[in-house]
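Please view the sequence and the structure together while reading.

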Amino acid sequence: QVQLVESGGGLVHTGGSLRLFCAASGRIFSTNAKGWFRQAPGKEREFVASINWNGGSTYYSDSVKGRFSISRDNANNALYLQMSSLKPEDTAVYYCAAASGPTAAKYAHEYIYWGQGTQVTVSS
């Protein structure tokens with residue numbers, strides 16, 4: 001059984017930093033691309049960042065580019081999201097996900113496994 005578990009969320013002031021962690025277990029292969037999405041109250045889930053199977057390619061939404069950094073550790077089945085210069089509009093539940101293939105993907109339908117999410121709250 002596949003399981004993705006996020007951690008690292010919390011409450012931070014504007015301009016602060018957080019590092020999210022996603023642990024994968026089960027039949028999640030190192031050849032799967034992975035990504036982060038977020039969903040704010042009353043809004044649809046949106047793409048944040050993605051990374052291909054070996055970490056060689058990354059993509060970011062325009063809203064987080066230059067502030068967030070996605071990385072992965074295949075040896076430990078881990079995925080990270082380093083978030084800096086946080087803004088109140090970054091407040092959301094953040095989800096990690098594993099794609100069906102090796103190529104970094106930006107659309108939710110390309111991901112087949114999802115975690116339960118971790119709350120990030122940025123106070124002004």
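## Strand 9 and its partners

In this predicted model, Trp 36 stands opposite Cys 96 of strand 9. The strand pairing concerned is that of strand 4, residues 34-39, with strand 9; the two are antiparallel and share 6 bridges.

Strand 9 also pairs with strand 10, which spans residues 111-114, in the antiparallel sense over 3 bridges. Here Ala 98 has Tyr 113 in strand 10 as its bridge partner. Strand 11, residues 118-123, is likewise joined to strand 9 by 3 bridges and runs antiparallel to it.

## Burial

Strand 9 covers residues 92-99 and is mostly covered, with 7 of its 8 residues buried. For the chain as a whole, buried residues account for 41% of the 124 residues.

## Overall fold

The chain contains 11 strands and 0 helices. Of the contacts between residues at least 6 apart in sequence, 59% join residues at least 24 apart.

The radius of gyration is 13 Å, which agrees with a compact globule, because a globule of 124 residues would have a value near 14 Å. Along the principal axes, the C-alpha atoms fill a box of roughly 40 × 25 × 25 Å.

## Surface and charge

The accessible surface of the chain is about 6400 Å², and carbon and sulfur atoms contribute 48% of that surface. The chain carries 11 positive and 8 negative charges, whose mean positions lie 4 Å apart.

Notes:
Residues are numbered from 1 along each chain as its sequence is written. This is a predicted model: local features need pLDDT of at least 70, side-chain atom pairs count only at pLDDT 80 or more; totals for chains, interfaces and linings use all residues. Side-chain values use heavy atoms; hydrogens and water are left out. Helices (H or I, at least four residues) and strands (E, at least two) are DSSP runs, numbered from the N terminus. The radius of gyration is taken over C-alpha atoms; the globule rule is 2.2 Å times the number of residues to the power 0.38. Buried means under 20% relative accessible area, exposed over 50%, partly exposed in between (1.4 Å probe, protein chains only). Contact means heavy atoms within 4.5 Å. Accessible areas come from the Shrake-Rupley method with a 1.4 Å probe; for residues, only the protein chains shown count as cover. Lys and Arg count as positive and Asp and Glu as negative; His and the chain ends are not counted. The place of a charge is taken as NZ of Lys, CZ of Arg, CG of Asp or CD of Glu. Two strands pair if DSSP finds at least two bridges between them.
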